[in-house]
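Here are a few exercises to work through with a protein model on your screen. Try each one yourself before you read the solution.

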Amino acid sequence: MGIYINKGNTAFRRSRNSEYVDKSGLIAVVNQTLFTERCFTCVTRCRRFGKSMAAKMLAAYYDHSCDSRSLFSDLKIASDPTFEEHLNKYPVIYLDLSSFTRELHKGKVVERMEKELIADIRAAYTSVPVPRGASLMKYLLRIHAATGDTFIFIIDEWDAILRECAQNPKLPNQTDEYVNWLRSMFKDVLGMEAFAGVYITGILPIKKYDTQSALNNFIEYSMVSPRKMAPFFGFTKEEVIDLAGKHQMDFEDLGKWYDGYRIGDEPSMFNPNSVMQAIDSGRCESFWSATGAFDSVATYINMNYEGLRDDIVSMLAGERCVVDTTSFQNDLSDVRNKDDVLTVLIHLGYLSYDWRDGTCYIPNREVAGEMVNAVKANKWKEVVNALQQSRMLLDATLRGDAGLVARMVQEAHIANASLIKYSDENSMSCVLAIAYYYAHGDYIFHREFQTGTGFADLVMIPRKNVSKPAIIVELKYNDTTGTAIDQIHQRQYPQKVAEYTGDILLVAISYDKKTKEHQCYIETYGKTDES
């Protein structure tokens, strides 16, 4: 058993000995690419979404130095037609780039990495001499010519060197040297003879250059464009339902905290690491801080690009923002505009991306909490104050204290006036959504909720097992609360909402453009009440 080659299946066996969700269908997708022009695969996704788990699974399946049949016989891949064809048939080279980032300060990390790889592979192929001054690629070609072996090459955290150098300018810049090494390994047409397949995984897609990609022979699957790999990027709704039932966890609670990612055509994807952490601890809370990306996120959202702060605030309020993901060069040191920042946050998992309309949004409560922490770190006082007051606003609403609600909404409007300009009910709704931020813990928010014979401006429906009334908020710009409450009754807004809940609070909020003052009226509507 080597350090980098023929590592066996011990790492994946540990995964199978733990709570394991079957993602072996990924193997079938990779099998289809072997010995084809599409044999170079790059799969990138954010931290804690199972990148290393997938890499270890692939290594265990392909590695010819061990017998992994028992590890896969009860998994989905066992029923795939390609299962027997490739099971334990190849020498596997497994390289975790993050293990070398600790030595970046010494310089020449690529040279040292290649020497270690050659030394380890040489121990596995003692009959094939290393040509004097040979590169790793030339040595692998020599082995292939002598033995006929074709390799599976797996690189975990392929972009670790690029990310570390980009985020720490004090380190010697070794990115060009590393990219040239990748090109020498995988771009050479002759080199294809030595590989049955190459699988690299990390956080960032392959860097773009003015003269196309340095590795444009790789087929890429990312948080922005996962294509057929989408089901393997996280836990699906069905998988979490099974886990929740097995461990007596509340599925609705797991969804509130960790669902919300739309990845390709998969509409409901959960953060795998957080779900497993919650199951292990027996309760839902934020495990996101362990991802190690917070400092960089705080830096990115504080960049002074036009419209960036407005978009962050809108997303905290539950809105979606349009983003152009095509301009980002997949380089953390080359962030040029607002769209680049939002695209970085998508790759880091702080935002989810919906390719259907080109929008991004904050996926769930866990990530929202970390975004709020980033906002606090950047001292956006007007936003922080509104968020801190949001609990008091919800309490005042539930008590029916219309006067206090009006005053607090007035304060929220003044605090956010530089970011959100009042012009109609929609802009008022955005301010209200920020002001009621705390309520996201117990309520599901719906903007422009279709109910009765119209659309309510803001509806908050209590989550499962939350014993609080639903809240219907109708807003009037340059009109009265009387008009708003009449509209709620005349268009029968409560009837539809009553299907989901018990009592309902009807909240009418108006704003007078001339006096610049808010008014509020609150009444209770029960299921037995008549509209």
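**Exercise 1: a helix and its surroundings**

In helix 20, find the buried residues and work out why the helix counts as largely enclosed.

Solution. Start by picking out the residues: S427, M428, S429, C430, V431, L432, A433, I434 and A435 are buried in helix 20. Keep in mind that this is a predicted model. "Buried" here means under 20% relative accessible area. Next, compare with the length of the helix: it runs over residues 425-435, and nine of its eleven residues are buried, so the rest of the structure largely encloses it.

**Exercise 2: the whole protein**

Describe the overall build: how many helices and strands are there, and what share of the residues is buried?

Solution. First, the secondary structure: there are 22 helices and 16 strands. Now the burial: 57% of the 531 residues count as buried.

**Exercise 3: a pocket**

Find out which helix gives the largest share of the lining of the second largest pocket.

Solution. Begin with the space itself: the second largest pocket has a volume of about 830 Å³. Its lining has 34 residues, and F49, G50, K51, M53 and N273 lie nearest the centre. Now check the helices: helix 1 (10-17), helix 3 (51-62) and helix 13 (272-281) each supply at least two lining residues. Helix 3 gives the largest share, with six residues.

Notes:
Residues numbered from 1 in each chain as written. Predicted model: local features only at pLDDT ≥ 70, side-chain atom pairs only at ≥ 80, totals over all residues. Heavy atoms only, no water. Buried < 20%, exposed > 50% of the residue type's maximum accessible area, 1.4 Å probe, protein only. Helix = DSSP H or I, 4+ residues; strand = E, 2+ residues; numbered from the N terminus. 1 Å grid on protein atoms, 1.4 Å probe; cavity = no way out; pocket = protein on both sides within 12 Å on 5 of 7 lines; lining within 4 Å. Points joined across faces, edges and corners; volume = space filled by probe spheres on them.
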